[in-house]
Amino acid sequence: MAAAAARHSTLDFLLSAPADCNAVLKGLQPVFQEQGMTETIHNWEDHGYLATYVNKNGSFSNLRIYPHGLVLVDLQSHSDDIKGRDEIDHLLNKIEERMKELFHSSIKRVKRLPATVRGGAIDRYWPTADGRLVEYDIDEVVYDEESPYQNIKILHSKQFGNILILSGDVSKYSLFTMC
């Protein structure tokens with residue numbers, strides 16, 4: 001039986017002023033406690049806080065507060081069903097609402113990236129030659145063999161059709177022919 005993939009969600013806040021680490025921590029604690037998450041806090045004096053919150057179902061969150069005004073929330077969960085995703089979205093929404101209540105006038109930017117899925121049966125993420133990460137809607141491994149010269153993969157994407165990957169590099173030629 002294959003294990004469910006892990007989902008990693010992120011939520012970032014950039015404040016226009018230095019962060020009051022204690023205010024952030026005290027303001028967000030009730031949100032995590034409502035979820036039944038236990039807390040561990042690390043304080044690095046002038047370097048901010050790291051708070052970890054762990055749920056009894058195995059999901060956890062890191063809250064990193066930098067004194068210069070950056071607040072990062074990372075949430076990892078193994079629940080990939082609709083209910084689990086809704087619970088994660090609900091928690092992230094509550095954190096965002098609470099941060100806006102606490103720091104509405106000093107939030108310069110809020111950024112929530114789509115969740116990355118790690119450990120799935122099919123790898124959807126591939127690095128580009130210049131270090132960026134691209135996600136494809138891969139639904140099938142068509143071919144995967146190790147030749148004497150390189151690893152050859154052909155993956156099927158609903159959007160692009162078959163994608164050729166040679167030794168972990170998405171072939172620019174295969175992307176060109178797909179378009």
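## Ground rules

Residues are counted from 1 along each chain as its sequence is written. Because the model is predicted, local features need pLDDT of at least 70 and side-chain atom pairs count only at pLDDT 80 or more, while totals for chains, interfaces and linings use all residues; side-chain values use heavy atoms, leaving out hydrogens and water.

Let's start with V24, which sits in helix α1, residues 21-34. Helices here are DSSP runs of H or I with at least four residues, strands are runs of E with at least two, and both are numbered from the N terminus.

Is V24 buried or exposed? V24 counts as buried because its relative accessibility is 0%. (Buried means under 20% relative accessible area, exposed means over 50%, and partly exposed is in between, using a 1.4 Å probe and protein chains only.)

Which residues does V24 touch, leaving aside those up to four places away in sequence? They are I65, V71, M99 and F103, where a contact means heavy atoms within 4.5 Å. V24 and R98 are 74 residues apart along the chain, and their C-alpha atoms are separated by 9.4 Å.

## Two loop residues with positive phi

Now for E45, which has a positive phi of about 50 degrees although it is not a glycine. You'll find E45 in the loop between β2 (38-43) and β3 (49-54). With a relative accessible area of 67%, E45 is exposed.

S167 isn't a glycine either, yet its phi is positive, at about 50 degrees. Its loop runs between β11 (161-166) and β12 (169-170). S167 has a relative accessible area of 47%, so it counts as partly exposed.
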